[in-house]
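The sequence and structure come first, followed by the notes.

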Amino acid sequence: LVNVVEWHQTQRRKGIVDTSTYANSVVSGIDTLVANQADIEDIDFINDHWAMYAIAEMAPWHSPPSIVDYAVRTAKIAAQRQIQDPSLETFGIYENRPDRGDWSATATATKSEGLCAVYSLLAEQQQQDASVVESLYRTIQYGVSYQLQAQLRLEQALYYKNPARILGAFGRSIHDSSTRNDYTQHNLGSLVCLKRVMEIREGIESLQKDTEEQRQKRLEREQEELQNYE
């Protein structure tokens, strides 16, 4: 789905008018996925980061209530499955994976990627329920906080044959410094996406502040005009 969506977007940017084949394929695929997950219990629900990527890419031209609801459900279930006790070493991991001996930072990173991808969509659609968006933001932050502990810093890199080459990569977990390109790729993807989310939030807060300042200035002008009139 992600590949088809990206191809569709590329064709649109190139000015190719008839992209209906790609659009119809993606819409059919995502609608089927959402419909199939609708009757699944929360305990069996799959947090699919690729689906989240596809939904985020499709948002400008296909975001019916069913897909928004699916993204909201994904965000809520992720928060429920995440270990959110900061006193625990497993803080930020999803689905209690340590119970199965899995402390994977990459598994956490893929969840962060997907949740982060749909942040903008939910921020726009959930204006009446800001708690969903705030919970989503905290969930992403908690996940990334765990991931960052798995990044290979100088004290770990020194044990490798070529420390300079491995420095900054991401290990499998906080207890396993073995690394692969895809481990680092997923972690970087979630970090870049979180940076964008933080910029969005900063922009919104700045806009709200500006709006409040403008309102205050308007009131002051109105009071001044009223005094002059009197």
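**Salt bridges, a buried histidine and a nonpolar patch**

Arg201 counts as buried, at 14% relative accessibility; buried means under 20% relative accessible area, exposed over 50%, and partly exposed in between (1.4 Å probe, protein chains only). This is a predicted model, in which local features need pLDDT of at least 70 and side-chain atom pairs count only at pLDDT 80 or more, while totals for chains, interfaces and linings use all residues. Residues are numbered from 1 along each chain as its sequence is written, and side-chain values use heavy atoms, with hydrogens and water left out.

**Salt bridges**

- The structure holds four salt bridges, each defined as a side-chain nitrogen of Lys or Arg within 4 Å of a carboxyl oxygen of Asp or Glu.
- One of them joins Glu134 and Arg201, at 3.1 Å from N to O.
- This pair links distant parts of the chain, with Glu134 in helix H7 (residues 130-149) and Arg201 in helix H10 (residues 181-229), 67 residues apart; helices (H or I, at least four residues) and strands (E, at least two) are DSSP runs, numbered from the N terminus.
- Glu134 is partly exposed, at 33% relative accessibility, whereas Arg201 is buried.
- Arg73 and Asp42 form another salt bridge, and their closest N and O atoms are 2.8 Å apart.
- Arg73 is partly exposed at 21% relative accessibility, and Asp42 is partly exposed at 35%.
- Lys195 pairs with Glu199 in a salt bridge whose closest N and O atoms are 2.5 Å apart.
- Both Lys195 and Glu199 lie in helix H10, four residues apart, or about one turn of the helix.
- Glu199 counts as partly exposed, with 43% relative accessibility.

**His186**

- His186 is a residue of helix H10 and is buried, with a relative accessible area of 10%.
- Leaving aside neighbours within four places in sequence, His186 is in contact with His49, Trp50, Thr106, Ala109, Thr110 and Glu113; contact means heavy atoms within 4.5 Å.

**Nonpolar surface patch**

- Leu154, Leu158, Tyr159 and Leu167 make up a nonpolar patch on the surface, with about 510 Å² of accessible area together.
- Patches are made of residues with over 30% relative accessible area and no salt bridge; like charges are joined within 9 Å, and nonpolar side chains (Val, Leu, Ile, Met, Phe, Trp, Tyr) within 5 Å.
- Accessible areas come from the Shrake-Rupley method with a 1.4 Å probe, and for residues only the protein chains shown count as cover.
- Tyr159 sits in the loop between helix H8 (154-157) and helix H9 (163-166) and is exposed, at 76% relative accessibility.
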